[in-house]
Each structure stands twice: as C-alpha cells, then as structure tokens.
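Dear colleague,

Please find below the structure that I am handing over to you. My findings follow directly after it.

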Amino acid sequence: MLVAVLLPFIIAIFIPMLSKWKEKVHTGFFVTIVPVLIFIYFARFLGTGFEPVVHEYSWIPSLDMNMVFHLDGLSLLFVLLISGIGALVAFYSVFYLHKSEQLGHFYVYFLIFMGSMLGVVLSDNVFALYSFWEFTSLSSFLLIGFWNYKKESRYGALKSMLITVFGGLSLLGALVFMSVLTNTSSIRGMIDQQQLILNHEYFPLILILLLLGAFTKSAQFPFHIWLPDAMEAPTPVSAYLHSATMVKAGIYLVARYSPMLSANEWFFIIVSIAGIVTLCWGSYMAVRQTDLKGILAFSTISQLGMIMAMLGFGTKAAIFGAVFHILNHATFKGSLFMVAGIVDHEAGTRDIRKLGGLMTFMPMTATLALFASFSMAGVPLPFLNGFYSKEMFFESSLHLEAASTGIAGILQTSVPYLAVLGSIFTFVYSMYFFFGTFRGPSHLNELPKKPHEAPIGMLISPMVLVAGVVIIGLFPSLINEPFIAHAAEAVKGAALEEKHIYFWHGFIPPFIMSLTVLVFGSILALSRKVWSPVYNIVPGVLSMNKVYDGAVDRVERYSTTITKGYMNGSLGRYVRLILAAIIVISFAFMAITGGFTVDASNVAEITAPEILVAVTMVIAAIGTALTNNRIAAILILGVVGYGLSMLFVLYRAPDLALTQLIIETVTVALFLLVFYHLPKLRKKDEPASTKVLNLVISVGFGALMTMVAISSHSSKFFDSISEYFTDNSYKLGGGDNIVNVILVDFRGLDTLFEIVVLGIAAMAIYGLIRLRKNKEEE
C-alpha cells in the first residue's frame, strides 16, 4: 500500500525526462499507466467479503509515530475514484493539451496531487493526513495556475490557496487538540475515545476548527468563492480536482470523523445548515452563469452541499445516500466537465450566449451531455444514477433524528422544503447547460471557429463515465453490497441493515418531491429569461468575492505601509531592528524563567595571567571598532580569537585551544582575502541620536551575551550532557579527545554540513572575486 501511495511521487521525478520525447509520444500516455496500476491494485479489494486492511510503517520512531495506512470501505471508495477518474482524466488530457504546452510541469503537478489525495484518504495518522492535505493545496495551486500567463489563472490559484490553506491551518489546530486530549495520533484511536472528546470543554473549539478545514476544502458557503475562479485551470484539472477529488476531501474529512462527532447535536445543526444553504445558493447562482465551466462550478458547489447536508443528517439512510451520491456525482460531473472542454476545444468558446444548436455538429458529445446533465438534474428515469441518490436525499430529509425544539427542531421542519427548492434550481441549471449549448438556434457567425465533433480519443473518457451513469442506474445492485454498503458502514461506524436500491417505490413522499422538482423546474427553465432579472436584486451588488477582494486588498495595503516604515534600504537599520528584537525577547524570556542567576560556585580561580589576556581581548575588540584600516581591523580582531585560545590553554583545555586556533587562523585568512578586494572603510556622518542608539544596542547585546553565558552555567534547567560525552566518547567514538569525538562522531553530520557551507561560501567568494576582476580588466 505504501508503494501505491508513493508511486505517483516517484514517477513525478522522472516526468521531466519523459517530456523530452513528447514530440514523439505524448507524456500523458506514460502518466495514464500510473493511476491504472493503482486502480487495479485497489480494485481487488472489492467484494461482499471485504474487511478493513491496515499497513503500518515506521515514520518517526523517536516520537513513537508511525505511518499507518487504513483501507476501509470509505477510503476504498475514494481511492478508486481518485485512481479511476485520474486515469480517465490523464488519457483525456493527451488529446486536450497540445505538445507545445509545458507538459512536464503539468503532469508533475498532476501526479503530486494524485499521490497527496491518496495519502489523505488512506492515512490513519492525523499528522500524515495533514501533510498530504497541504500537499493537495500546493499542487492544486500549481495546477489551477498552470496557464500562469493569464491574470485570471493567477488570481484563481492564489484565491484557492489562501482559502484552503486557512482551512488547513484550522484543521491542524483541531488535530493537535484531539491528539493531545487522546494521547494518540491515530484517527481510529481518537474515535475509540469519543466520549473523552465530546465531553471536553474544548470540544466546541475542536468542532469549529475541524469543520472550517472541511468547509473551505469542499467549497461550502461562504467559502465557496474560490471554486468558480479555479475554473481558469485547464479542463482536465477541473474534471479531476473539482468534480471527483480535491473538493471531496472536505467531504471525506467530515465522513471520517462522523462516527465520533455525529453524536453531538451541534454537528447536526452546523453541518446540515452549511450543506443545505450551499445547495440552495450554489444551484441558484449556477443559472446566472454564462460560462459553461462557471455553470458546472456552481453546480459542483450545490452538489457538494447536498452531500454535506446528508452527512449532517447522520441517519443511516442519509449516510447511505451521501456515499452513493459521491460516486454518482463523480460520474456525471466528470463527464460534463470533459464535455465543456470538448465544446471549448472544438467551438473555440465556452460562452453559452454564443453557443446553441451544437447537436447538429457534435452529436456524440451532445448525447453524452444529455445523459450526464439529466442524471445531474435527477430526472426520474431508471437508467440515470443521479435520480436514485436524489431520492435518498429527499427520503432522508423527511426522517431526521433531531430534537423537536430549538434550532434543531426548526431545521428539522424546514429541511424538506429547502431540499426541494435547491433541487428545483439544480434541474434548471442542468437543462440550461444542455439545451443552451446543444439545442436551439446556432450562432456560427459568433463562434471563433466552426464546430465539429471531437476526435474519438477525447470522447473515450466521458463515454466511460456516462457508461457508469447508465450501468449504475440500470444495475445498482452491482455496486451496492460489494462497494457502497462498506463505505456507508465506515461512515456510520456501525453495521447497516441491508439497503436495497430500487427505481420504483410507489407514490411515496420522496417521489412526489421529485415530481414537484420536475414540474416547477421545467416551468422555471422555460421562463428563465423572464425571471432572470431577479439576480439584479439577489445578490445584486452584494458578493462574497467583494468581501474577499476587499480583505486581501486591505491586508496588502496595510502590510505595505508597515513594511515601508522599516524597510528603507538601510542595512544599519535592519541590523539594529534585529538585534533590538533579540535583546528584548531574550531578556524578557530570561526574566520570566528566572534566567538572571549568578552562581560562582564550582568555577576555576581567576589569576593575573587570565586577567591580562582578558584585558588584551577587550582592548582589541574596542580597537577593531575604532580603526579605519580594514587590514588592521581584521588583524586586531584576530587578537580576540587568539586570546580565547590562550584562555583555553591557561584553563588546561588544549584540545579546545587547538580547535579555536585553527578556526581563528582560517577565519582571519578568509577575511583578509575578502576584505582586500572590498572598498576601504569610511566613517559615516550619522546624527548623534543614531550613534547613541548604536551604542545602547551594542552594549545591550554584549550584556545579553554575557548574561547568557553566566546563566548557562548558573541555571540548571536540564541535566548536563557533558557526563554523557565523558562516559561514551571512548566507548562509542573510540577517541580520548572528547571535543574531536563530538565533532567527528556525535555531531558528525553537523560538521559535515558546516564544511559544505564553508565550501559553498568559498566558491561564492571566489566567483565574486573573478567577476570583479573581469570587470576591472574590461
């Protein structure tokens, strides 16, 4: 299982090499193999006898933290969607992206995202989950901004990054809280300690932080605003990230923690309200859009809201319907995004006002759009899978297990009506998408190019997804017990009674609700142009985008003003600010922790030779600051270092003295080499206030270093490590010289990197010298 998760990351390393041959073979062909192999590996777990699988790998042994991958019904559902849809999208991209594009970049980002999503849904360790979670935000940022030469792409990528990373940090807070409270980093371990978390005083904060992470990722109102702008990404990105994977990461998070959180009434209230509001608002706003991908973006928002609402309901029927709709939504929405990409690719535009009558020119694409859009609308036909899960949504909205009073009671009463309202507009935007694009009069003179049917390679992926729509609709039992039932049981945290999926249940309330949607949706769809001016009133000029833009603009403006207040190009000011901050923070910390301790016991006696050497060092340090000759300054500064070596000798530490002597010699030599080629030192005419400030900071910093040295000896907050080195230097390092053993063995890696840094610095200095010399010769 570890190989399956890491495979996309490993292959991503070699993609830049493969892209060199893209003129002969499109890179997408190689990439398609990766999700196909992953899908085949996990598909073998399908079946009625499925049992959860746990694989554990050592990760951070010092913290007793392991990388644990847990495959249950829920994670299996998502893994198959991630790999299955990923394979179809990768194959689709072969025909969508031209070889002149930066294919190496695209497929590296694509594979990183795929691997990150696999890690999110399989990780049982919360910190591994969070790491993969943020990788999805980073890789989606790169994918959305793939066409970085477009301002809209950069804007959409930045917006998605800011909102989802904000949610990710909130999620991290919730995970840390739960990990500390339960003393485990395992999701299963946390769920086992459900009552401890539910009864803790910090539970409301944990719930809010966790849901913020989920709502921002799954585009729930009011955090939905990033999703429409993310449509500036290439269509394969939209079909993958925004229909089947990334936007469902928040859904997965809520589903994963549902067994623990659903027992609390506020989980039902918050998640249900967020979901039902998102459903209604997303479906309402979708009809307003004129861009095909814009319509699909808001339709995705509404569909995610419906799934989130069912998870909030928490009943067995609702959870089964939510899990079922996760699968259904991936099939019809993935195909619709691909259809939108085909229309854009072959007609040259996604503006629905310029489209129409394309069924004549693109009959196969239109047929695919017909099945997918009618399934999304929930039209009651037995070969459309969307109808089944829409019926389950209506059924679950009528049987909520909530209190009859308070907010929960009001919600219980209003949810069925809001469910019908949101579904009516879902029907409207589905019809708007299909009939506005493929039926009605054509506008060939307004199209950038004459439309024609897409090549068969571009049609294969949406064909497979639409075939899934029809097959699931006709034979729902094929995916019920072997697949959906296991996922629903993982979300509920308990076994469910056998749930049969039938098309006809008689004239029961859910079917009547579907007929209501069909009737009123048809009326609104036919009269759309008549009532569309209502958008001038609601939302009118109000927009969450304006709130976002205003907030970002103010933060940028205020931060620029503050930054310009101290970033004036003066290196002296920067050094003063840094040193002043160190002085204040360090002295404050020492005062709080009792660091101002002076203990003169157990110290060596100070005699005249030591005093003489110390006075010489002080005079040399002062002379270094006062001299105007750069060579003299370096040599005088060297006296301080050599004086320290002398002190080591006087205090009978020859090994330290030798080390200090070597370091000081090398340092002086390097300084001489560098300063020889630098301009001469000149005194600056600075105001008296600046000189006083410099004096205060320099004295203060010197006092700080002195107190730190004294406090390190006097304050014993921790046991000294010196005894460990004394006892183990010969035993473990094989040397009598403790300092050398520390440098070479105990801190060997540090020493190695110090040598590397010194070598890099030497090469940089050499390069600067050569550059200056060449300029002088010219």
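With which residue does D72 form a salt bridge, and how far apart are the closest N and O atoms? The partner of D72 is R256, and the closest N and O atoms are 2.6 Å apart. Please bear in mind throughout that this is a predicted model. D72 is located in the loop between β2 (65–71) and α3 (73–96), while R256 belongs to helix α12 (residues 249–261), so the pair ties together parts that are 184 residues apart in sequence. D72 and R256 are both buried.

Other salt bridges

In the whole structure, the search finds nine salt bridges. R747 takes part in a salt bridge with D750, for which the closest N and O atoms are 3.5 Å apart. R747 also meets the side chain of E754 in a salt bridge, at 3.3 Å from N to O. The residues of these two pairs may be described by their accessibility. D750 counts as partly exposed because its relative accessibility is 39%, and R747 counts as partly exposed at 30%. E754, with a relative accessible area of 45%, is partly exposed. Elsewhere, a network of salt bridges links D291, D344 and R350.

Nonpolar cores

The largest nonpolar core comprises 194 residues, and F42, Y257 and F393 have the most contacts inside it. Helix α15 (residues 316–347) supplies the largest share of this core, with 18 residues. Leaving aside residues up to four places away in sequence, F393 touches I276, L279, M306, A309, M310, F313, A419 and S423. There is also a second, separate core of five residues, among them I583, M590, I697 and M707.

S423, one of the residues touched by F393, lies in helix α18 (residues 406–438). Its relative accessibility is 1%, so S423 counts as buried. Not counting residues up to four places away in sequence, S423 is in contact with K390, F393, F394 and V517.

The cavity

One cavity of 30 Å³ or more was found, and the largest cavity has a volume of about 60 Å³. Its lining consists of A377, G378, V379, P380, K390, F394, F427, S514, V517 and L518. Two or more of these residues come from each of α17 (385–398) and α21 (509–526), and α21 gives the most, with three residues. By class, seven of the lining residues are nonpolar, two are polar and one is charged.

The largest pocket has a volume of about 970 Å³. It is lined by 21 residues, and T624, A625, L626, R682 and K683 lie nearest its centre. The elements that give two or more residues to this lining are α25 (608–626), α26 (630–650), α27 (654–675) and α28 (688–714). The largest share, six residues, comes from α28. The lining contains eleven nonpolar, five polar and five charged residues.

The second largest pocket has a volume of about 670 Å³. Of its 26 lining residues, Y432, F435, G436, R528 and K529 are the closest to its centre. Here α18, α21 and α22 (528–531) each give two or more residues, and α18 gives the most, with six. The lining of this pocket divides into twelve nonpolar, nine polar and five charged residues.

Yours sincerely

Conventions:
Residues are numbered from 1 along each chain as its sequence is written. This is a predicted model: local features need pLDDT of at least 70, side-chain atom pairs count only at pLDDT 80 or more; totals for chains, interfaces and linings use all residues. Side-chain values use heavy atoms; hydrogens and water are left out. Helices (H or I, at least four residues) and strands (E, at least two) are DSSP runs, numbered from the N terminus. Buried means under 20% relative accessible area, exposed over 50%, partly exposed in between (1.4 Å probe, protein chains only). Contact means heavy atoms within 4.5 Å. On a 1 Å grid over the protein atoms alone, a cavity is a set of points where a 1.4 Å probe fits but cannot get out, and a pocket is an open set with protein on both sides within 12 Å along at least five of seven lines; lining residues have an atom within 4 Å of a point. Grid points are joined across faces, edges and corners, and a volume is the space filled by probe spheres set on the points. Ala, Val, Leu, Ile, Met, Phe, Trp, Tyr, Cys and Pro count as nonpolar, Asp, Glu, Lys and Arg as charged, and the others, Gly among them, as polar. A nonpolar core is a set of buried Ala, Val, Leu, Ile, Met, Phe, Trp, Tyr and Cys residues joined through side-chain atoms within 4.5 Å. A salt bridge is a side-chain nitrogen of Lys or Arg within 4 Å of a carboxyl oxygen of Asp or Glu.
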